[in-house]
Amino acid sequence: QVQLVESGGGLVQAGGSLRLSCAASGSIFSINAMGWYRQVSGKQRELVATITTGGSTNYADSVKGRFAISRDNAKNTVYLQMNSLKPEDTAVYYCNANLIRYSGTYYAAWGQGTQVTVSS
């Protein structure tokens, strides 16, 4: 059993900041890439940012320069620092981890989602 538990969402005014956290636990041998995605009701889930085990990052154009993804490999945790938030950043944010379980199987785990609302 693998769990991803997210925290840090909420309501913030435009221009404000939030920090999301996501901790992975359970039958995990190792974790490869981790990332954050977001989804607005009625739209497809979209990539926000990803980070490899070695720290290489990738961002959606819409968040470059405003968001920063990081991870603590020892804690199996990934973070998303969101600055200069805009109303269009409002969405449910999901954590993702591509991992290998102790059974040897590859598995893409998802968190339950955390709501981020940016008011204008």
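A residue is counted as buried under 20% relative accessible area, as exposed over 50%, and as partly exposed in between. These classes are applied below to a predicted model.

Four salt bridges are present in the structure. One of them joins the side chains of Arg 38 and Glu 46, with an N to O distance of 2.7 Å. The two partners fall into separate accessibility classes. Glu 46 has a relative accessibility of 37%, which lies between the cut-offs of 20% and 50%, and therefore counts as partly exposed. Arg 38, with a relative accessible area of 6%, is buried because this value is under 20%.

A further salt bridge is formed by Asp 89 and Arg 66, whose closest N and O atoms are 2.7 Å apart. This pair links distant parts of the chain, the two residues being 23 residues apart. Asp 89 lies in the loop between β8 (77-82) and β9 (91-101), whereas Arg 66 lies in the loop between β6 (57-59) and β7 (67-72). Both residues of the pair are buried: the relative accessibility is 1% for Asp 89 and 10% for Arg 66. Through salt bridges that share partners, Arg 38, Glu 46, Arg 66 and Asp 89 are joined into one network.

Turning to the strands, the model contains an open sheet of four strands in the order β1-β3-β8-β7, with antiparallel pairing. β1 (2-7) and β7 stand at the edges of the sheet, and each has a single partner strand, so one side of each is left without a neighbour in the sheet. From one strand to the next, the twist averages 15 degrees.

The pairing of β1 with β3 (residues 18-26) is antiparallel and comprises six bridges. In this pairing, Gln 3 stands opposite Ser 25 of β3.

Terms used: Residues numbered from 1 in each chain as written. Predicted model: local features only at pLDDT ≥ 70, side-chain atom pairs only at ≥ 80, totals over all residues. Heavy atoms only, no water. Buried < 20%, exposed > 50% of the residue type's maximum accessible area, 1.4 Å probe, protein only. Pairing = 2+ DSSP bridges. Axes fitted to C-alpha atoms, helices over the stretch in contact; angles between N-to-C directions.
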